[in-house]
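Please have the sequence and the structure open while reading.

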Amino acid sequence: MSKPVCVVSGVGPEHGTGAEIARRFSVGGYRVAMLARNAARLDALAGRYEDARAYPCDVGDLDALVGTVSRIREEMGAPKVVIHNAPRATHGSILQMDPDDLEKNFRVNATALLHLARETLPGMLDEGEGAILVTGNTAATRGKSHWGFFAATKAAQRILAESMAREFGPRGIHVAYFVIDAAIDTPRTRPVLSPDKPDDFFAKPAAIAEEMYRVAHQDRSAWSFLVELRPFGEVW
């Protein structure tokens, strides 16, 4: 029970971003609570990572999310690091998409972050330290055709994170937002979105996880909030 606790939402397939984040914090000496909808996949990862536990949960179900974080506190202890990596994205014309999808995107991308923070910040504030990290992308900084629902909610997510950073940073809580300006080389995205691209085109999930671990342990005299990550060849 001496190890700190890290909560990671959106832990998908092995070698994906969420799984690599969980693995890196496990290797770094944390007990890791992994959240995702797929219980079997979480159980498999928990068997591979030291001191990692599976907590099946749909973060879009806010009552279930709050209950899950309560279980984590009871079973593992108060989290020191919280990483909101679970995304929800819908793609299509604003004239054709169901307006309810905007609300569903918002619930996963922004409201779930709010609840994760509300459930874990009191424990961090009691200790005078902690970190809340959020994975975002360029959709958080600009709207693009056919990505309006996703971009609107990721922008809200970024602003919510910045508000949290300004409110709780002076009290010892490090909040950081990661704009990942890249296609990420995951088992799900590469075969579908960019099957013919070379390796250098992609951001590596393990490299993203390494940077998130580093930011979570920055010296208080030099904290980052907005962290931009992109492959060396990305045109920006």
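## A buried arginine and its partner

Arg24 has a relative accessible area of 15% and is therefore buried (buried means under 20% relative accessible area, exposed over 50%, partly exposed in between, with a 1.4 Å probe and protein chains only). Its side chain forms a salt bridge with that of Glu210, at 2.7 Å from N to O; a salt bridge here is a side-chain nitrogen of Lys or Arg within 4 Å of a carboxyl oxygen of Asp or Glu. Because Arg24 is in helix H1 and Glu210 in helix H7, the pair ties together parts that lie 186 residues apart in sequence. Helices (H or I, at least four residues) and strands (E, at least two) are DSSP runs numbered from the N terminus. Glu210 counts as partly exposed, at 39% relative accessibility.

## Basis of the values

The model is predicted, so local features need pLDDT of at least 70 and side-chain atom pairs count only at pLDDT 80 or more, while totals for chains, interfaces and linings use all residues. Residues are numbered from 1 along each chain as its sequence is written, and side-chain values use heavy atoms, leaving out hydrogens and water.

## Other salt bridges

The structure holds 16 salt bridges. In one of them Arg48 pairs with Glu14, with the closest N and O atoms 3.7 Å apart. Arg48 belongs to helix H2 (residues 39–48), and Glu14 to the loop between strand E1 (5–9) and helix H1 (17–27), so this pair links distant parts of the chain, 34 residues apart. Glu14 is partly exposed, with 30% relative accessibility.

Arg190 and Asp185 also meet through their side chains in a salt bridge, at 2.9 Å from N to O. Arg190 counts as buried at 18% relative accessibility, whereas Asp185 counts as partly exposed at 25%.

## Nonpolar cores

In soluble globular proteins, nonpolar side chains tend to be buried together. A nonpolar core is a set of buried Ala, Val, Leu, Ile, Met, Phe, Trp, Tyr and Cys residues joined through side-chain atoms within 4.5 Å. The largest one has 33 residues, and those touching the most other members are Phe25, Val32, Met34, Ile83, Leu133 and Phe178. Helix H7 (residues 205–216) supplies the largest share of this core, six residues. Apart from this core lies another of 31 residues, including Val59, Ile72, Ala112 and Met124.

Beyond its neighbours within four places in sequence, Phe178 has contacts (heavy atoms within 4.5 Å) with residues including Leu133, Met212, Val215 and Leu229.
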